[in-house]
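Please read this briefing alongside the sequence and the 3D structure. The points are grouped by topic.

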Amino acid sequence: MFDRLRRLRKFLAYRPEEVPGARPPARQHNIFEAAAVYVSGCAEDDQDQIDEAVTWVSPEALSFGVSELACRAVIALARERDESPQTVARSLLGLPAA
């Protein structure tokens, strides 16, 4: 009886490594990856890259990712330049100092 249960358990647990005709699952992209590709596409004027990034996540998620990327970039530049984030942000946008 135990032998039969052992064989049944082994049979039910069997998972073939490859199922013929099965596709690997599509790769999921996160909002930060989409934002990075979108922003770099804008900077390089690469419309194909922009169009691809837009399909990876919802518009709201992409907007959040771009905003987070902008904040992190301004903070990194401010530290590098030893200036305030506000000064760096205004400088990047071509605005006069506050």
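Among contacts (heavy atoms within 4.5 Å) in the protein between residues at least 6 apart in sequence, 38% join residues at least 24 apart. This is a predicted model, in which local features need pLDDT of at least 70 and side-chain atom pairs count only at pLDDT 80 or more, while totals for chains, interfaces and linings use all residues. Residues are numbered from 1 along each chain as its sequence is written, and side-chain values use heavy atoms, with hydrogens and water left out.

**Overall make-up**

- The protein has five helices and zero strands; helices (H or I, at least four residues) and strands (E, at least two) are DSSP runs, numbered from the N terminus.
- Along the sequence the pattern reads α-α-α-α-α.
- Of the 98 residues, 14% count as buried, meaning under 20% relative accessible area with a 1.4 Å probe, protein chains only.

**Helices α2 and α3**

- Helix α2 (residues 31–43) packs against helix α3 (residues 47–56) at about 160°, and their axes are 8 Å apart. Axes are lines fitted to C-alpha atoms, for helices over the stretch in contact, and angles run from 0 to 180 degrees between N-to-C directions.
- α2 and α3 are therefore roughly antiparallel, a term for angles over 145 degrees.
- Residues Glu-33, Ala-34, Val-37, Tyr-38, Ser-40, Gly-41 and Cys-42 of α2 meet Gln-49, Ile-50, Ala-53, Val-54 and Trp-56 of α3.
- The residues of this contact divide into eight nonpolar, three polar and one charged. Ala, Val, Leu, Ile, Met, Phe, Trp, Tyr, Cys and Pro count as nonpolar, Asp, Glu, Lys and Arg as charged, and the others, Gly among them, as polar.

**Helices α4 and α5**

- The axes of helix α4 (residues 59–81) and helix α5 (residues 85–92) come within 8 Å and cross at roughly 110°.
- That makes α4 roughly perpendicular to α5, a label for angles of 65 to 115 degrees.
- In this contact, α4 contributes Val-74, Leu-77, Ala-78 and Arg-81, and α5 contributes Pro-85, Val-88, Ala-89, Ser-91 and Leu-92.
- Seven of the residues in the contact of α4 with α5 are nonpolar, one is polar and one is charged.

**Nonpolar core**

- The largest nonpolar core has five residues: Ala-34, Ala-35, Val-57, Ala-61 and Leu-62. Such a core is a set of buried Ala, Val, Leu, Ile, Met, Phe, Trp, Tyr and Cys residues joined through side-chain atoms within 4.5 Å.
- α2 and α4 each supply at least two residues of this core.
- Leaving out residues up to four places away in sequence, Ala-35 touches Leu-62, Gly-65, Val-66 and Leu-69.

Terms used. Parallel < 35°, antiparallel > 145°, perpendicular 65-115°, else oblique. Buried < 20%, exposed > 50% of the residue type's maximum accessible area, 1.4 Å probe, protein only.
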